[in-house]
Amino acid sequence: MPDYDPSQLTDAVLRSFASAPDARTRGVLQHLIAHLHGFVRDADLTLDEWRGAIDFLTRTGHKSGDTRQEFILLSDVLGVSMLVDAINHKSHAGATDTTVLGPFYVGEHRVTPHGSDLAPGAAGVRMWVEAVVGDAGGRPIAGAAADVWHADGDGFYDSQKPGYQLDKPEMRARFVTGADGKLSFRTIVPRSYPVPTDGPVGELLRASGRHAMRPAHIHFVINAPGFETLVTHLFVAGDDYLASDAVYGVKPSLIVGLVPHDGPTWPDGSPSPDRWFQMSYRFALKAKEATP
Ligand SMILES: [Fe+2]
């Protein structure tokens, strides 16, 4: 029976995982144990603090479900999501910058005709969004599927609202590009909003004296055969929180200035309000590397 001295415990635990047959599993676990033990030691963690951490993570799991992912939010506010994003996108090769997925993606959206209004009847300033999906050389990509979603004028996603139904999405749709690579839709100008603070992540932010705000943005996930999935946002230029996003997701190349227009028609010729804004962007997808 070994009598583990605390100074020998970490080595003993590392050795117990050293024969994991898969090299990657072995390597990741070795790093995890080394850093986790180092953290406990450096922080001089008390038993109460350790129990508090277990309780925090348990409640984070209980708060997660099909339409809300508190663990993703926790990863986001700790900066881990953007760190994973950064180390996995070291080489852009002319492709659009990536950012966090966020906790409110509900999976594949319903295919919707171009020019559709994603926010009929919603209060807010009207906006036309137009984008082209192409490769890094600027050639348009046909058949690219772009899932888009954003919060309403009060800062809530449809999936946060009581009575949300997957088959009745609001401000959430999929557009499939034609030969010109274009997609377009109407909606309202998104506003900055707080990440949900009614769960463990909110407690963490309050305990840290941090604000919960994210600058206004629209989410995009774009898939096309032969290309890497693009997970990104377009941020509204001029937002007060661009420099202090609660999840560290802002990249300068993703900030878009809105262009004001006067009516009477939208770009597709249909009647528009007297005043509306246009958001335009050109997405560039990164080609998948050929596997040998
Ligand atoms: Fe968001």
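Me: How exposed is Tyr-248 in this structure?
Reply: Tyr-248 is partly exposed, with a relative accessible area of 44%. Bear in mind that this is a predicted model.

Me: Where is Tyr-248?
Reply: Tyr-248 sits in the loop between β8 (230-236) and β9 (255-256). Its phi is positive, about 65 degrees, although Tyr-248 is not a glycine.

Me: Which other residue has a positive phi although it is not a glycine?
Reply: Asp-44 has one, with phi at about 50 degrees. Asp-44 belongs to the loop between α2 (23-43) and α3 (47-62).

Me: Is Asp-44 buried or exposed?
Reply: Asp-44 is exposed, and its relative accessible area is 62%.

Me: Back to β8 and β9. How many bridges join them?
Reply: There are 2 bridges between β8 and β9, and the two strands run parallel. Val-236 stands opposite Val-256 in β9.

Me: What is the strand order in the open sheet?
Reply: The order is β3-β2-β7-β8-β9, which makes an open sheet of 5 strands with mixed pairing.

Me: Which strands stand at the edges?
Reply: Those are β3 (172-176) and β9. Each has a single partner strand, so one side of each has no neighbour in the sheet.

Me: New topic. Where is the cis peptide bond?
Reply: The cis bond joins Gly-263 and Pro-264, with omega at about 15 degrees. Pro-264 lies in the loop between β10 (259-262) and β11 (275-285).

Key
Residues are numbered from 1 along each chain as its sequence is written. This is a predicted model: local features need pLDDT of at least 70, side-chain atom pairs count only at pLDDT 80 or more; totals for chains, interfaces and linings use all residues. Side-chain values use heavy atoms; hydrogens and water are left out. Helices (H or I, at least four residues) and strands (E, at least two) are DSSP runs, numbered from the N terminus. Buried means under 20% relative accessible area, exposed over 50%, partly exposed in between (1.4 Å probe, protein chains only). Two strands pair if DSSP finds at least two bridges between them.
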